[in-house]
Each structure stands twice: as structure tokens, then as C-alpha cells.
Amino acid sequence: MAKGNGKRNLWRSSVLVSAILSSLVGSIVGGVLLGYWLDEQFDTTPIFVLIGLLMGVIAGFYGVVRAVKPFLGDDD
């Protein structure tokens, strides 16, 4: 085991968790805010908020998959 490997893994794990959280939270909050704004523009409460929430969740999980994919399979 190389010296400093634990610090490198801790750093990588921190970056991965940060990327996952920012992807999920950013996408969901962005989708809801955009939906809220569209609902106010067209007076269709809560249709666009729900659509924005759904699109935010989908985009967040897509971002998580893209963030995690490089970290999988490098332990071979």
C-alpha cells in the first residue's frame, strides 16, 4: 500500500459525494424554480412545478450516473 493512498481515496470520495449532492440538489431546485416561474406566467399552479420537479429528478439522477461512472471499475 502506497503512503498517502488513504488521503487520495478520501479526497476522491469527497469529490464524488460533492458532485452527487450538487447534481441532485441543483437539478431539483432549478426545475422547481423554473416550474414556479412558468406557473406564475401562465397561471397554471401547480402544473409546471410538478413537471419541473419531475424533470429535475430525472436530470439529477442522470447527473449522478455521469458523475459515478468514471469511479466504477477502476479497482481491477
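Helices (H or I, at least four residues) and strands (E, at least two) are DSSP runs, numbered from the N terminus. Helix α1 covers residues 5-42 and holds S23. This is a predicted model: local features need pLDDT of at least 70, side-chain atom pairs count only at pLDDT 80 or more, and totals for chains, interfaces and linings use all residues. Residues are numbered from 1 along each chain as its sequence is written, and side-chain values use heavy atoms, with hydrogens and water left out.

- Buried means under 20% relative accessible area, exposed over 50%, and partly exposed in between (1.4 Å probe, protein chains only).
- S23 counts as buried because its relative accessibility is 15%.
- Contact means heavy atoms within 4.5 Å.
- Not counting residues up to four places away in sequence, S23 touches A59, G60, G63 and V64.
- G31 is also found in helix α1.
- Its relative accessibility is 14%, so G31 counts as buried.
- Leaving aside neighbours within four places in sequence, G31 is in contact with G52 and L53.
- G31 and L50 are 19 residues apart in sequence; their C-alpha atoms are 8.9 Å apart in space.

**Helix α2: length and sides**

- The expected span of a helix is 1.5 Å times one less than its number of residues.
- Helix α2 (residues 47-68) has 22 residues and should span 32 Å; its end C-alpha atoms are 32 Å apart, which agrees.
- Buried residues of α2 are G52, G56, G60, G63, V64 and A67.
- These residues cover an arc of only 105 degrees around the axis, which puts them on the same side of α2.
- That arc is taken from the directions from the helix axis to the C-beta atoms.
- L50, L54, M55, Y62, V65 and R66 are exposed on the other side of α2.

**Aromatic pair**

- Rings of Phe, Tyr and Trp (its six-membered ring) pair if their centres lie within 6.5 Å; planes under 30 degrees apart count as stacked, over 60 as edge-to-face and the rest as tilted.
- The count by this rule is one aromatic pair.
- The ring centres of F42 and F48 are 6.0 Å apart and the planes lie at 45 degrees, so the pair is tilted.
- F42 is exposed, at 54% relative accessible area, while F48 is partly exposed, at 25%.

**Record annotation**

- An unreviewed UniProt entry annotates residues 15-38 and 44-65 as "transmembrane region".
- UniProt positions follow the numbering used here, feature names are shortened, and annotations may be inferred rather than shown by experiment.
- Residues 15-38 are 100% helix and 0% strand, with end C-alpha atoms 34 Å apart.
- Residues 44-65 are 86% helix and 0% strand, with end C-alpha atoms 33 Å apart.
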